[in-house]
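Read each one with the model in view.

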Amino acid sequence: MKTTTSISHLARLFVLLALSHVVIEAFTFTTVQPTTKRLIFSNSFLNDRRRRHYPSVRLSTEDEVEKSTTSSSKTTTTDPPSPPPQTTSLESPTTNEEDISSHLLAEGKEIYESLALALQYITQKDDSVSAEDIVKICDEIDTIRTPNTNDAERKNLFAVSTLNIRMNALTASRYQLLIKMLKTNYDAYVATASFLSPSRIPRSELPNVQDVPMLEQPIMPESILDEDDGKTELVADCTLEDLRYQESLLDKILLKVFRSFVEKNTNGVSSPKEGIEGLLDQGRTYMLQPTTTPKDQQKMVYNTLGGLMTPVLPPFYRIFMSGIVPKLGTDYDGKQFGPWFYAPWLTSFVTPTFFGFLVGPSKTNRRKDGMPGGLVVEKCKFLQESGCKGMCLNICKLPAQDFFKEELGLPLTVSPNFVTQECQWSFGEEPLPPSKDPSFPKGCLAGCDSRKIMAERGLSSGQLVCE
């Protein structure tokens with residue numbers, strides 16, 4: 001009921017906003033154009049109108065006419081007498097009131113039909129959404145995008161040319177129907193999205209892309225055999241073009257602070273390299289130390305995240321996001337009443353700003369269950385630059401999941417895609433162990449530099465825990 005009421009309020013506000021633009025445009029239009037009424041004016045009034053609107057028309061004033069008459073009576077001339085002053089009619093050159101009314105009516109009709117169309121799809125029951133409904137909207141969108149010379153008058157409408165309201169309404173409706181399908185039938189959603197994207201639906205307009213293949217990515221086997229021994233199963237590398245990252249000033253500051261905490265928590269492991277390459281060099285050096293275990297790596301990152309968030313943020317988050325009662329000397333100390341309903345979505349909204357220095361560009365989307373709280377990394381910087389599945393697992397995925405669950409009180413599932421190097425973060429979703437997660441492949445990446453270093457040192461790659 002609350003959802004329907006909020007949609008109704010939003011629709012009313014949008015109509016008022018759009019109509020205000022239309023009224024302003026119509027007001028401007030009417031004040032600039034003259035009316036079409038036929039009026040009879042005196043010569044003095046016409047002369048004033050001439051100066052403002054019709055400079056090319058020569059109209060005499062009453063005084064000029066009187067002086068001309070007096071002068072002609074005193075002077076003898078052979079010319080015929082001048083005709084008496086005539087009243088002059090003024091007629092508007094173009095638009096009339098009926099045109100303005102029809103224009104306003106067309107604007108209102110376009111806005112009403114677009115919003116009604118959007119509400120029709122948005123209020124559709126979740127379990128009634130089918131692939132045919134999605135295709136139908138795609139067809140309507142294609143029709144709007146196709147040039148039509150017979151529809152030139154409609155395209156001149158403010159609601160079409162500027163607001164583009166019908167296209168936006170259809171795009172929003174399609175997104176909502178995909179969410180409904182995602183909630184009720186995940187397999188049907190994946191099949192529909194895989195069929196329509198990217199030819200009919202851009203990948204960026206899908207609510208979730210976890211299991212939706214990317215067209216540019218060639219089909220490859222789930223695992224390949226190591227060329228050295230012919231027995232060890234490896235995960236095929238991503239063949240998509242590397243993404244070049246543009247770091248902001250905030251990214252550079254956070255990365256420098258993060259590297260200082262890594263150096264502190266690894267007992268002085270540092271690197272002369274700059275930026276993300278230096279951080280990866282620190283992580284790889286620490287990982288390949290003979291005494292370092294996967295648990296040591298996870299604990300190091302866990303402590304580093306705690307230092308990065310300062311002692312202030314975790315207690316604040318635990319209270320206002322996770323609903324954990326602080327220690328106040330009561331029977332409820334430490335009891336959790338959350339996470340609150342807004343925590344997953346709000347966390348996914350804030351995270352891209354403060355974790356972009358590690359993973360690169362990301363945006364909010366929907367979790368696998370269709371609920372808010374999702375975040376998709378377009379192409380993970382950490383995974384692209386490291387090329388190491390073990391570092392992804394023990395220096396990113398597992399410590400991040402543990403930190404959010406244990407320190408902040410909010411479950412988190414990190415799901416890397418080694419084929420596309422995308423990564424889905426789902427806040428509020430309980431994670432599966434990597435060994436039981438069917439989406440997490442077994443074995444090292446074929447081009448893993450860490451595995452190659454291990455081989456050069458004559459060490460067994462079994463020390464690398466990649467699953």
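Q: How many of the six residues of S6 are buried?
A: Buried means under 20% relative accessible area, exposed means over 50%, and partly exposed lies in between, with a 1.4 Å probe and protein chains only. Strands here are DSSP runs (E, at least two residues) and helices are runs of H or I with at least four, numbered from the N terminus. S6 is largely enclosed by the rest of the structure, because the number of its six residues that are buried is five.

Q: What kind of model is this, and what pLDDT do local features need?
A: Residues are numbered from 1 along each chain as its sequence is written, and side-chain values use heavy atoms, with hydrogens and water left out. The model is predicted: totals for chains, interfaces and linings use all residues, side-chain atom pairs count only at pLDDT 80 or more, and local features need pLDDT of at least 70.

Q: How many helices and strands are in the chain, and what share of its residues is buried?
A: The chain holds 17 helices and eight strands. It has 467 residues. The buried share of them is 40%.

Q: In which order do the four strands of the open sheet lie?
A: Two strands pair if DSSP finds at least two bridges between them. The pairing in this sheet is antiparallel. Strands S5 (362–366) and S7 (412–416) are the edges, each pairing on one side only. From one strand to the next, the twist averages 25°. The order is S5-S6-S8-S7.

Q: How many bridges join S5 to S6?
A: These two strands run antiparallel. Ser362 stands opposite Val377 of S6, and Arg366 has Pro372 as its bridge partner. The number of bridges joining S5 to S6 is five.

Q: Which residue takes a positive phi in the hairpin of S5 and S6?
A: The hairpin has five residues between its strands. The phi in question is near 85°. The residue is Gly370.

Q: Which residue in S8 stands opposite Leu375?
A: S6 (residues 372–377) and S8 (residues 423–427) pair in the antiparallel sense over four bridges. Gly374 has Ser426 in S8 as its bridge partner. Opposite Leu375 stands Trp425.

Q: At about what angle to S6 does helix H14 run?
A: Axes are lines fitted to C-alpha atoms, for helices over the stretch in contact, and angles run from 0 to 180 degrees between N-to-C directions. Contact means heavy atoms within 4.5 Å. H14 (residues 343–359) lies across S5, S6 and S8. Its angle to S6 is about 20°.

Q: Phe355 and Trp425 form a ring pair: stacked, edge-to-face or tilted?
A: Rings of Phe, Tyr and Trp (its six-membered ring) pair if their centres lie within 6.5 Å; planes under 30 degrees apart count as stacked, over 60 as edge-to-face and the rest as tilted. Phe355 and Trp425 are both buried. Phe355 sits in helix H14 and Trp425 in strand S8, 70 residues apart. Their ring centres are 6.4 Å apart and their planes lie at 50°, so the pair is tilted.

Q: Which residues do ring pairs link into a cluster with Phe355 and Trp425?
A: The whole structure has twelve aromatic pairs. Ring pairs tie Phe355 and Trp425 to Tyr302, Phe403, Phe404 and Phe427.

Q: Why are Tyr186 and Tyr189 about one helical turn apart?
A: Tyr186 is buried, with a relative accessible area of 18%. Tyr189 is buried too, at 0%. Both lie in helix H9 (residues 186–196), and about one helical turn separates them because they are three residues apart.

Q: Which residue's backbone oxygen does the side chain of Ser322 reach?
A: Ser322 lies in the loop between helix H13 (313–320) and H14. At 0% relative accessibility, Ser322 is buried. Leaving aside neighbours within four places in sequence, its contacts include Tyr317, Trp340 and Gly409. The Ser322 side chain reaches, at 2.4 Å, the backbone oxygen of Leu408.

Terms used: A polar contact is a pair of N or O atoms within 3.5 Å; within protein, one must be able to donate a hydrogen and the other to accept it, and residues adjacent in sequence count only if both atoms are side-chain atoms.
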